[in-house]
Amino acid sequence: MKLALFDLDHTLLPIDSDFEWGQFLCRVGAVDAAEFKRRNEDFYDQYQAGTLDPVEYLEFSLGTLAAFDPEELAGLQQRYMTEVVMPNILPSARALLQQHLDAGDLVAIVTATNHFVVAPIAKAFGVEHVIAAMPERDAAGRITGKLVGTPTQGEGKIVHTKAWLEKMGHTLDSFDSVHFYSDSHNDLPLMSIVSHPIATNPNAKLSEHATAQGWPLIHLFND
């Protein structure tokens with residue numbers, strides 16, 4: 001039995017799906033473009049630098065989702081998938097995922113991005129299991145703007161991955177091998193405890209660390 005875990009943004013996608021969702025909302029006039037774009041870009045710079053406060057960011061992004069009724073939000077999500085995400089699901093990433101699915105491996109996407117944004121992307125990739133930041137919903141199914149539990153970033157990816165496996169009666173030790181594909185040094189905590197960490201389209205910090213550790217480096221995109 002084998003497990004394959006994948007980060008999403010800049011790993012399976014050549015874009016940051018969370019950042020691009022914000023840019024999309026600005027472009028279609030769904031939010032105050034100037035203020036939202038400024039805050040969105042500030043948070044993205046912090047993520048790239050490894051200084052992001054994940055709770056602060058998630059309260060911002062989930063608060064934005066809470067401003068829309070569910071029907072309007074569903075329409076925006078469908079348009080975002082069509083216009084932004086689907087053109088960025090590339091054959092190289094599909095092929096890598098499919099290798100693990102065809103082998104019968106248990107496959108999951110593990111990402112710091114919120115579940116609302118990630119769920120339809122995972123479905124488009126053919127991945128059933130998603131470990132992502134969970135937005136709270138009220139009794140009517142409307143997103144409240146609050147986060148359920150802790151963020152799925154850094155050490156949080158370990159916590160949430162282990163909790164997900166436990167629900168299925170497994171631990172990381174249940175598997176003959178555990179692959180984890182990521183582009184970012186922010187994922188070093190989880191990469192450091194799996195049997196097969198693979199630096200995928202790695203940023204400079206991860207590339208340096210992976211090279212020093214003798215981890216494989218792969219590049220799915222040409223950018």
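Tutor: What follows concerns salt bridges and strand pairing in this predicted model.

Student: How many salt bridges does a search of the whole structure find?
Tutor: The search returns five salt bridges. One of them joins the side chains of Lys-157 and Asp-7, at 3.1 Å from N to O. This pair links distant parts of the chain, 150 residues apart: Lys-157 lies in helix H7, and Asp-7 in the loop between strand E1 and helix H1.

Student: Is Lys-157 buried or exposed?
Tutor: Lys-157 counts as buried, at 2% relative accessibility. Asp-7 is buried as well, with a relative accessible area of 3%.

Student: Which residues are linked with Lys-157 in a network of salt bridges?
Tutor: Asp-7 and Asp-187 are linked with Lys-157 in that network.

Student: And where does Glu-83 sit relative to Arg-79?
Tutor: The two are four residues apart in helix H4, and therefore separated by about one helical turn. Glu-83 is partly exposed at 41%, and Arg-79 is partly exposed at 40%.

Student: Changing topic, which way do E2 and E3 run?
Tutor: Strands E2 and E3 run parallel, joined by four bridges. Between them the chain passes through helix H6, in a right-handed β-α-β crossover.

Student: What about E3 and E4: parallel or antiparallel?
Tutor: E3 and E4 pair in the antiparallel sense over three bridges. Arg-137 has Ile-143 in E4 as its bridge partner. The hairpin has five residues between the strands, and Gly-141 takes a positive phi near 85° there.

How values were computed: Residues numbered from 1 in each chain as written. Predicted model: local features only at pLDDT ≥ 70, side-chain atom pairs only at ≥ 80, totals over all residues. Heavy atoms only, no water. Pairing = 2+ DSSP bridges. Right-handed = clockwise from strand over helix to strand, strands pointing away. Salt bridge = Lys/Arg side-chain N within 4 Å of Asp/Glu carboxyl O. Buried < 20%, exposed > 50% of the residue type's maximum accessible area, 1.4 Å probe, protein only.
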